Amino acid sequence: MKTLLGILPWAVVLAVGGIAIWFLLDQEMAIGPWLLAGILLGHGLVHGLYFVPAPASGPDRPTWPFDLGRSWPVRSLGLGIGLVRAGSLVLFLVVVVAFTLAALATVGILVPADLWGPLVIVGAAASLAMLVVGFDAMLALGIGIDIVLLVVVLGPLWSPATT
């Protein structure tokens, strides 16, 4: 419960930012797609933290949420950390490539707008898989981002093809 309360300020910031981006997209303001592209790119790249050494721990610091060694496939299923890391690396590459291409499609650079929806779906699905494998309550915001992205695409609530 303490962890979920700890991410509450981030959830508020994310919700306000999401509403602002939604408003900008709805009003067809040019900055809206660029902000969404930045969110897609940033969300994809943050998954790389699974491959970064944990910062120094201390009594006043929360545990590092991106620790694949604490993941349920390692603890509960007894899978080796090497196998989990290899699978997660493949998922990470899919997430980064899909969200990078989706970001480019969002702003109409190099990637056709028609590919935006499928790219977001692939990126969000791989991201969800990675977040489930390396689940930590502090990463609930990432799961929320993926769910919102899937709702936007499958809704269909917005796409660069409609602007």
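L110 sits in the loop between α5 and α6 and counts as exposed, because its relative accessibility is 82% (exposed means over 50% relative accessible area, buried under 20% and partly exposed in between, with a 1.4 Å probe and protein chains only). L110 is not a glycine, yet its phi is positive, at about 65°. Most residues other than glycine have a negative phi, and most peptide bonds are trans.

The model is predicted; local features need pLDDT of at least 70, side-chain atom pairs count only at pLDDT 80 or more, and totals for chains, interfaces and linings use all residues. Residues are numbered from 1 along each chain as its sequence is written, and side-chain values use heavy atoms, with hydrogens and water left out.

The chain has a mean pLDDT (the predictor's confidence in each residue, from 0 to 100) of 87, and 94% of its residues reach 70 or more. Helices are DSSP runs (H or I, at least four residues), numbered from the N terminus.

Where pLDDT is low, the predicted coordinates should not be read in detail.

For α6, 18 residues at 1.5 Å a residue should span 26 Å, and the end C-alpha atoms are 26 Å apart, which agrees (the expected span is 1.5 Å times one less than the number of residues). Its buried residues include W116, L119, V120, M130 and L131, along with G117, G123 and S127. The buried residues of α6 pack against α3, α5 and α7 (140–154).

Helix α3 (residues 31–46) packs with helix α5 (residues 81–106) at an angle of about 175°, and their axes are 8 Å apart. Axes are lines fitted to C-alpha atoms, for helices over the stretch in contact, and angles run from 0 to 180 degrees between N-to-C directions. The two helices α3 and α5 are therefore roughly antiparallel (over 145 degrees). Contact, meaning heavy atoms within 4.5 Å, involves residues including P33, L36 and L40 of α3 and F92, V95 and F99 of α5. The residues of this contact divide into twelve nonpolar, four polar and no charged.

In the segment after α7 lie P156 and S159. The peptide bond from G155 to P156 is cis, with omega near -25°. S159 counts as buried because its relative accessibility is 19%. The C-alpha atoms of S159 and L115 are separated by 9.8 Å, and the two residues are 44 residues apart along the chain.

Methods:
Parallel < 35°, antiparallel > 145°, perpendicular 65-115°, else oblique. Nonpolar A, V, L, I, M, F, W, Y, C, P; charged D, E, K, R; others polar.
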